[in-house]
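Reader: Could you help me read this one? I'd like to go slowly.
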Amino acid sequence: MNLENLVRKNIQQMQPYSCARDEFKGIASVYLDANENPYNSPFNRYPDPMQWDLKCKISDIKNVPTQSIFLGNGSDEAIDLLYRAFCEPRVDNVVAIEPTYGMYKVCAAVNDVEYRKVLLDENFLFRADELLTACDTNTKLIWICSPNNPTGNSMKRLEITKLIAGFNGIIVLDEAYIDFSSEESYVGMLQKFPNLVILQTMSKAWGSAALRLGMAFASPEVISILNKIKYPYNINLLTQQKALTTLRNPSVYKKHIRLLLKERDELINNLKNLPFVQYTYPTDANFVLVKVDNATAIYEYLVSKSIIVRNRTNVTLCLDCLRITVGTPRENDILFENLRKFSE
């Protein structure tokens with residue numbers, strides 16, 4: 001991979017915004033550089049623009065160098081920045097599996113970049129050769145979500161590796177649900193594959209969706225490009241502090257994963273016993289995709305009972321499918337109580 005051939009020319013040539021907090025490393029006794037109000041500490045000060053304390057903690061947990069970590073306002077910020085860094089509007093294109101997470105397509109539209117979809121097979125799996133065939137000289141990114149959303153299944157490791165090795169652009173592997181999977185993360189493969197970008201998040205297994213903290217792991221060269229074009233203070237102080245507190249309590253994170261995996265098995269077993277359920281798809285995530293007789297009717301019934309699931313019937317290959325997140329035992333009991341009433 002030749003990174004210079006992938007990065008947009010204007011991004012290569014631009015001078016990033018620079019603040020004194022970038023230039024000065026350490027703790028000063030007097031801060032008179034950023035026109036801040038000197039009162040109402042600590043909220044009067046701009047947060048660390050590079051989030052070094054938080055990155056050091058993530059580095060310890062993920063075994064990834066801090067220089068290979070980018071933190072964004074949710075994974076969506078990293079998704080958008082990858083388009084802005086590598087894709088020339090109305091010239092370049094990206095390739096993605098279908099169905100998958102909808103923000104890849106939304107960000108392509110926002111950035112005026114052609115979005116090429118390659119359908120998964122009947123088992124919601126892809127073949128690397130089919131994705132590579134969809135590429136041309138202007139294909140800069142390939143999007144893979146594993147475990148996938150909304151299908152829940154993990155992609156075959158052999159095909160992922162074949163895809164990374166066979167593509168001269170950037171492979172973005174979204175591992176938002178990897179903590180619920182028996183499959184191993186690709187984070188350990190970053191040094192082997194310099195064209196690999198891995199997305200993870202605090203929103204799912206860490207139970208911190210309200211923090212809006214996404215993580216991107218990649219080579220230091222790719223991370224430096226994302227840092228170059230991000231907004232200066234993209235992660236606020238409260239998010240950084242709360243994320244650090246959460247990451248310092250891994251026992252809670254591990255406990256919640258055990259509980260959710262147990263409830264996931266219970267959820268699947270109960271769904272299979274409902275007369276209108278045709279099939280529950282295999283899942284490595286904290287949700288289940290289930291095919292039913294009439295997804296819209298069931299969805300609307302649950303809404304009338306103030307129970308919200310996701311109706312995926314209009315998504316490619318997901319006709320009459322509902323996506324149901326694993327909740328607490330009490331939430332799952334309420335769901336099944338109402339689903340049983342619907343079937344009566």
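Reader: At what angle do helix 4 and helix 10 pack, and how far apart are their axes?
Author: This is a predicted model, where local features need pLDDT of at least 70, side-chain atom pairs count only at pLDDT 80 or more, and totals for chains, interfaces and linings use all residues. Residues are numbered from 1 along each chain as its sequence is written, and side-chain values use heavy atoms, with hydrogens and water left out. Helix 4 (residues 52-62) and helix 10 (residues 237-247) pack at about 25 degrees with axes 10 Å apart; axes are lines fitted to C-alpha atoms, for helices over the stretch in contact, and angles run from 0 to 180 degrees between N-to-C directions. Helices (H or I, at least four residues) and strands (E, at least two) are DSSP runs, numbered from the N terminus.
Reader: So what does that make helix 4 relative to helix 10?
Author: That angle makes helix 4 roughly parallel to helix 10, a term for angles under 35 degrees, with over 145 roughly antiparallel, 65 to 115 roughly perpendicular and the rest oblique.
Reader: Which residues make the contact?
Author: Helix 4 brings D53, L54, K57, I58 and I61, while helix 10 brings Q240, A243, L244 and L247, where contact means heavy atoms within 4.5 Å.
Reader: Switching topic, what order do the strands of the open sheet have?
Author: The four strands are ordered 8-9-11-10, with antiparallel pairing; two strands pair if DSSP finds at least two bridges between them.
Reader: And which strands are at the edges?
Author: Strand 8 (277-280) and strand 10 (310-311) are the edge strands, each pairing on one side only. Three bridges join strand 8 to strand 9 (residues 287-292), and Y279 stands opposite K291 in strand 9.
Reader: Where does helix 11 touch the sheet?
Author: Helix 11 (residues 250-272) touches strand 8, strand 9 and strand 11 (321-325), and its direction makes about 5 degrees with that of strand 9.
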